[in-house]
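Please open the structure in your viewer and keep a selection tool at hand. The tour below goes from stop to stop, saying at each one what to select and what is found there.

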Amino acid sequence: MLYLELFIQGIVQGSLYGLMTLGLTLVYGLLRILHVAHAGLFTLGGYIGVLVTNQTGSFGLALITAMVTVGVMGMGVYKFAYEPLLKRPPFVILIASIALFIASEEIFRIIFGPYGLSYENPPLKGQVEIFGGMKIKVGEIIVIGFSLAMLSSLAWLSKYTRTGMAWRATVSDPDIAQAFGVNKNKVRYLNFFMASALTATAGVFVALLNNLVEPTMGSVPSYKGLAIIVLGGLGNIRGTLIASLLLGVVESYGTIYLGKILDRDAIAFGLLIIVLMIRPKGILGEK
Amino acid sequence: MDYEITLLTTMSISILFALGLNFVTGFCGQISLGHAAFLGTGAYTSALMTKASIPFLITLPASAMTAGCLGFFIGLASLRVRHDFLAITTMGVGFLFVGIVRQQDFFGGEEGISGISSPGFSRFGFLLLCIALTLLFAFFSTAIKRSWMGRVFESIADDEDITSILGINVAHYKIFAFVVGTSVAGVAGALYAHHLRFIGPDSFGFVESVSVLAMVIIGGVGSVWAVSFSAALLSVLPMLIQFVDDYKLLFYSGLLFSMMRFSPGGMASIVKKMKTNNEKSS
């Protein structure tokens, strides 16, 4: 039974990773930016979620507010931090992004204090019993369901709508897409909006499951997020999802069986290094 | 006087560490986001050996060797993965290092190792040793940069594939750069351990790796004197900006961000610009 329980925990964690890192992959796929500051937006999402829920009592409203606000912030980050640096060598943007992320952590700490905030009245806290007396939190079911819904609607949008087509065309060849009348800048803003809105939902859900938001909650997704998108083959959406779930499950078992030798983060990066040495461009990267 | 000696020793160790990374990233164009792991390897090697009462003059080269050996493997890895993939792999090595050290009682676990014995000479003597080693490596770096090897490095940083078409064995040079850059970090680590007398896993985390990379980049990638200058400045900056206390990290990251945003070539490029402007106006 322990195996199954660990597996479900792994899937829940993996779904959260998926929501966090899908945005990173979207950004990397379009602009080749390693967007560390993404994790700052994730934390922002968590804070907005808790603050709005505590103010209004409505979790749904909090989720939507977080998505929209963080989405707009994401576009701002692109506009003011990345756009002027696109022509520079990639490590310039990477360092700028890391600096931005550290600054955002500090701002959260200064504004909201170092100890974090909790839900006054945590929503969705019930538990359901599934086969064999095993219990699973309602929140966890919602996380899995919500990520599935988000990801499939994203897949549908990118496949069947005009905007989606324009987006895919720009990813595969920006110049040709532009020649066909696609507005490159609109695609980029849309990309950052979607990416940031997705990570905001991840922030809200992580805050929900831990019943805590704190300034440093972004540190794990920031670096581990990079590990995941690299594992998946940078910019590859399907690969990122596989890598997210894989890492969730491996970590879940790993902390039980390898916890004495490695801590949780080290397991993630150990897996990353092993996979990269075998497949230097990630699980689904091009050869 | 004690305060000044401590300050100068810290500065000198940081310069040595930054120059080590500059050798890899600045000269050979191989990004490393986990350089603190090598600083840590050196520090732990020296600390553990000193605990077994082995004299400092033996532990110092031993630290260089262990860090260099680890660097050799990262060099091998750099042949498999490139660019962004290499950045993340080296970052992974950094996390792996901290993760392993933290969980092992052998390395002192979460508490780290304290009470590392003094290297056997006065604080001033130790400072002189640090400065001597730093100067030695600075001159070595400049000599390499001017030699044919420096040109090969430059060419690899520019375009690996073209360099190998020219008939140059890129792999050898990359591994050499990694081994040199990481052994120097190991030496810096040994000095660090004996300077502070205390080391713990948190002293060698990701933030350290980023700050040393920041030193190299804010100075100006590849320029020995500019990197030394910015390392000296940034290493004592936390002490100089004590007055902003609670906002220290915010100030630091703000500086780093504005530097990248407005002058990505670092201080070296600002100086260059000023020079050309002067020439134009005169």
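The stops that follow cover salt bridges, a nonpolar core, cavities and pockets.

**Before you start**

This is a predicted model, in which local features need a pLDDT of at least 70 and side-chain atom pairs count only at pLDDT 80 or more, while totals for chains, interfaces and linings use all residues. Residues are numbered from 1 along each chain as its sequence is written, chains are lettered from A and ligands numbered from 1 in the order in which they are written, and side-chain values use heavy atoms, with hydrogens and water left out.

**First stop: salt bridges**

A salt bridge is here a side-chain nitrogen of Lys or Arg within 4 Å of a carboxyl oxygen of Asp or Glu, and by this rule there are 5 salt bridges over all chains. For each partner the tour also tells how open it is, where buried means under 20% relative accessible area, exposed means over 50%, and partly exposed lies in between, computed with a 1.4 Å probe on protein chains only. Helices (H or I, at least four residues) and strands (E, at least two) are DSSP runs, numbered from the N terminus.

Select K79(A) and E83(A), which form a salt bridge whose closest N and O atoms are 3.7 Å apart. K79(A) is partly exposed at a relative accessible area of 37%, and E83(A) is partly exposed as well, at 26%.

Next, select E106(A) and R109(A), a salt bridge in which the closest N and O atoms are 2.7 Å apart. Both belong to helix α4 (residues 90–112) of chain A, and because they are 3 residues apart there, about one helical turn separates them. E106(A) counts as buried, with a relative accessibility of 8%, whereas R109(A) is partly exposed at 22%.

Now move to chain B and select R102(B) with D202(B), where the closest N and O atoms of the salt bridge are 2.7 Å apart. R102(B) lies in helix α4 (residues 83–103) of chain B and D202(B) in the loop between β2 (198–199) and α9 (206–219) of chain B, so this pair ties together parts that are 100 residues apart in sequence. R102(B) is partly exposed at 22% relative accessibility, while D202(B) is exposed, with a relative accessible area of 57%.

**Second stop: the nonpolar core**

In soluble globular proteins, nonpolar side chains tend to be buried together. A nonpolar core is a set of buried Ala, Val, Leu, Ile, Met, Phe, Trp, Tyr and Cys residues joined through side-chain atoms within 4.5 Å. The largest such core has 177 residues, and those with the most contacts inside it are Y82(A), F205(A), F153(B), L191(B) and I199(B).

Which residues is L191(B) in contact with, leaving aside its neighbours within four places in sequence? With contact meaning heavy atoms within 4.5 Å, the partners of L191(B) are I13(B), L16(B), F56(B), L60(B), F126(B), L129(B), C130(B) and L133(B).

**Third stop: cavities**

On a 1 Å grid over the protein atoms alone, a cavity is a set of points where a 1.4 Å probe fits but cannot get out, a pocket is an open set with protein on both sides within 12 Å along at least five of seven lines, and lining residues have an atom within 4 Å of a point. Grid points are joined across faces, edges and corners, and a volume is the space filled by probe spheres set on the points.

The structure holds 3 cavities of 30 Å³ or more, and the largest cavity has a volume of about 60 Å³. To find the largest cavity, select residues of its lining, among them M20(A), H35(A), F42(A), T199(A) and G225(A). The elements that give two or more residues to this lining are α1 (2–31), α2 (38–56) and α9 (219–231) of chain A.

**Last stop: pockets**

The largest pocket has a volume of about 1,500 Å³. Of the 47 residues that line the largest pocket, select D202(B), S203(B), V207(B), E208(B) and S211(B), which lie nearest its centre. The helix α9(B) gives the most to this lining, with 7 residues.

The second largest pocket has a volume of about 1,000 Å³. Its lining has 41 residues, and F91(A), T25(B), G29(B), A157(B) and V221(B) are the ones nearest its centre. Here α6(B) gives the most to the lining, with 6 residues.
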